[in-house]
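Here is a short briefing on a protein model. Look over the sequence and the structure first, then read the points below.

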Amino acid sequence: MTILEQMLEGTGSVAILGHIRPDGDCLGSALGLYNYLRLNCPDIRAAVYLEEASDKFGYLKGFDEIRHRADGENYELCVCLDCGDVGRLGEFSSLLAQAKKSLCLDHHVTNTRFAGSNLVVPEASSTCEVLYGQLDEEKIDIRVAECLYTGIVHDTGVFKYSCTSGTTMEIAGKLMAKGIDFGSIIDNSFYKKTYIQNQILGRALLESITFFDGKCIFSAIRQNEMEFYGVDSKDMDGIIDQLRLTDGVEVAIFLYQTGAQEYKVSMRSQSLVDVSRIAAFFGGGGHVRAAGCTMTGSIHDVINNLSGHIAKQLEPEAADRA
């Protein structure tokens, strides 16, 4: 019996939570669990609480049933998915506080083990991969499979990031065998962009700047630019990954403004720099090759602060080549 099955035993109600600004893995794991419970545990009252997400994930069953505000309901069990600390739950942390028991399933190396019970698997590609291991494979239907496959696709960059393993590919194959339209999931949720999203991507690439002899690149989008193009945080998907693909770049940084002198920071690295260490220093978290945080100050201040930490990790590599 898995830890999830143990926690569900005798439980009458479950609140399913994820991190703020939910991405594919967060939505996939949350809705994957939600649909699995509806299918196999119909007597359990379950609900998903997440901030609003991109409409490109609207094909996931239960997407339109997600609750976007805490509504005062109480639950026996709170399951937190793809979330490294309490702060990342946003306003829904109140549901965790009132629950009689709680479980966190995650794969972030910076996870603080904040729940009553925690299963954190840093070597897993995604939280959807962790969740898959907690479910009965024979009880996974096509709708649950769509959710889990979506999360794996997004956190592996369509199976090309270093977090992808043989186990990841085996699980993906088993989910494909459930009959999902895997090609459409990849095209429509990962690659497809609106005209406006292409415009803001182009703006970010056009104004990007390299430093450290081309080993690093950054770009920033200010609030007035977001207002001009009519975009929000959900339209920023893919910008950081395109910056990462710049020839010769080891670290890519993308900022977008969220308030006065406040920026959401995303970082990606190729093989040398552990960006999770840098993000954790500034109160964020994530993975060795993909992490983020929120920082205050001007764009110049943010980049200066980040570059100091990046330099410390690049220096040993330069010394080895000398």
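R67 and E73 form a salt bridge, with their closest N and O atoms 2.8 Å apart. A salt bridge here is a side-chain nitrogen of Lys or Arg within 4 Å of a carboxyl oxygen of Asp or Glu. The model is predicted: local features need pLDDT of at least 70, side-chain atom pairs count only at pLDDT 80 or more, and totals for chains, interfaces and linings use all residues. Residues are numbered from 1 along each chain as its sequence is written, and side-chain values use heavy atoms, leaving out hydrogens and water.

**Salt bridges**
- By this rule the count comes to twelve salt bridges.
- R67 also pairs with D71, at 2.8 Å between the closest N and O atoms.
- E73 is partly exposed, with a relative accessible area of 30%; buried means under 20% relative accessible area, exposed over 50%, and partly exposed in between (1.4 Å probe, protein chains only).
- R67 is partly exposed at 28%, and D71 is partly exposed at 37%.
- E225 and R203 meet through their side chains in another salt bridge (2.9 Å, N to O).
- This pair links distant parts of the chain: E225 lies in helix α9 (residues 223–229) and R203 in helix α8 (residues 195–206), 22 residues apart.
- Helices are DSSP runs of H or I with at least four residues, numbered from the N terminus.
- E225 counts as buried at 8% relative accessibility, while R203 counts as partly exposed at 22%.

**Two domains**
- The chain is divided into domain 1 (1–189) and domain 2 (194–312), with bounds from an automatic or database domain assignment.
- Their centres, taken over C-alpha atoms, are 26 Å apart.
- In contact are 13 residues of domain 1 and 14 residues of domain 2, where contact means heavy atoms within 4.5 Å.
- The two domains bury about 1000 Å² between them, 52% of it on carbon and sulfur atoms.
- Buried area is the accessible area (1.4 Å probe) that two parts lose on being put together, summed over both.
- R21, T110 and Y161 supply 43% of the area that domain 1 buries against domain 2, more than any other three residues.
- The rule finds one salt bridge across this interface.

**Helix α2**
- Helix α2 (residues 24–40) has 17 residues.
- Of these 17 residues, 14 are buried.

Conventions
Helix = DSSP H or I, 4+ residues; strand = E, 2+ residues; numbered from the N terminus. Expected span 1.5 Å × (residues − 1).
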